[in-house]
Amino acid sequence: GVGDDEHGWAVDGQHSARWHAGLTKAWETRWPSSGSSLREPVVVGFAVDLDKREVLASTNGVWGEEPVFGPEDIPRGVALYPAASLKGRAEFIFGPNFRHKPPERKSFMQWPRTMGGFVKVDCPEIGSSETLSVYKEVQVHGELSLKRNVQRLVANSKYREKPKTKRSYSYTVSGAGQCSGTYRRDGAHADMPLYKSEAGGVIYWDPEAALWKMNAAEDFTKCLISAAPVQGSSDVPRGGWRVPDEWHGVMEVEGFKAALEKQGLSSGDVERIVTALTVKNDSVAGDVGQVYRARGGGKSLQEEWKQLKGIQISADDMWDAAIKELQQRFLREAGFSTDANVVETEHPYE
């Protein structure tokens, strides 16, 4: 399609993307879409400043403040032609009567040697079930005669395997608490792709911290989860996300100490582990803190447990035993029998 090689420049509002040389960059515009189809007609406008080698784009008459492509993308001396890649129905309007006004930053003229009125480009979805699954593409590059201008037609393998319109631009996040859900590409932030979930969460790029960040609400000053980028890629990393320390588990100090002592640890080992994993709130007078299963700086129960010798129970089993100890203490304080247990039942409606 347009933008898949070095001779094409394209915008794709369904995926908030700009295409050139087969590479994608973020675009702040989002066209109303359902899956791979537009929910409503969209008028896409282009204005080309040949002197500055800049391409401006609009959606339904709203022009972007900055060019979608500039001199760093468009070399000197290239010949440009209007073009489109599509599946469905479309029409070109080369002027002089446009649907919307051109940008006011400069006086633009009609594209040279183009016909007036509407130029329809149809690729309707008709035929058998086999033809409907085939990606159809139409490009218009000025005058084209198959007999006079074309010696050979070549189909790129990536279109035989998965066309651009069928590629996924979404991420499914699981095990992330309130940030879990499916995130779809929706505009741009800091000149990088922006992803949003139906619940209002966002995945965005923070240029100052040089990190991808995830937040449960569209607030770019906060984040719950972050990850370092993959070198040489503008994609959201699939792994390496760092979650808040408390998500790994937190419990009160005294209950944790009691559980350690029950396992036969020496007083020195108990004190060392509790000190390493306890986080205190210095702004609260007399705060004894809480024990974190894992905390910043690489400290964790797992790492502290490796320093012990002759202990049969694992770090994970130790944490579970500490939870049991706390549950039993709460039951005793509430007046329940020592035979009582805390159980988690399945939801009756699931």
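These legends describe close-up views of a predicted model. Residues are numbered from 1 along each chain as its sequence is written, and side-chain values use heavy atoms, with hydrogens and water left out. In this predicted model, local features need pLDDT of at least 70, side-chain atom pairs count only at pLDDT 80 or more, and totals for chains, interfaces and linings use all residues.

**View 1. Confidence along the chain.** The mean pLDDT (the predictor's confidence in each residue, from 0 to 100) is 84 for the protein chain. Of its residues, 87% reach 70 or more. Over residues 126–136 the pLDDT is below 50. Beyond near neighbours in sequence, this stretch has 16 contacts in the model (contact: heavy atoms within 4.5 Å). Where pLDDT is low, the predicted coordinates should not be read in detail.

View 2. Strands are DSSP runs of E, at least two residues, and helices are runs of H or I, at least four residues; both are numbered from the N terminus. Two strands pair if DSSP finds at least two bridges between them. β11 (residues 170–173) runs antiparallel to β12 (residues 181–189), joined by four bridges. V173 faces G181 of β12 across this pair. Five bridges link β12 to β13 (residues 192–197), again antiparallel. Here A188 stands opposite P193. β12 and β13 form a hairpin with two residues between them. In the turn, A190 has a positive phi of about 55 degrees.

**View 3. The largest nonpolar core.** Such a core is a set of buried Ala, Val, Leu, Ile, Met, Phe, Trp, Tyr and Cys residues joined through side-chain atoms within 4.5 Å. Buried means under 20% relative accessible area, exposed over 50%, partly exposed in between (1.4 Å probe, protein chains only). This core has 19 residues. F256, L260, I273, L301 and W305 have the most contacts inside it. Helices α4 (253–262), α5 (267–277), α6 (301–305) and α7 (315–333) each supply at least two core residues. α7 gives the most, with five. Another core, of 14 residues, lies apart from it and includes C179, Y195, W205 and V243.

**View 4. Helix α5 and its cover.** V270, I273, V274, A276 and L277 are the buried residues shown in α5. They lie on the same side of α5, because their arc around the axis is only 165 degrees (taken from the directions from the helix axis to the C-beta atoms). Their cover includes α4, α6 and β19 (290–292).

**View 5. E254 on helix α4.** E254 lies in α4. E254 is exposed, with a relative accessible area of 52%. E254 and V274 are 20 residues apart in sequence and 9.5 Å apart in space, C-alpha to C-alpha.
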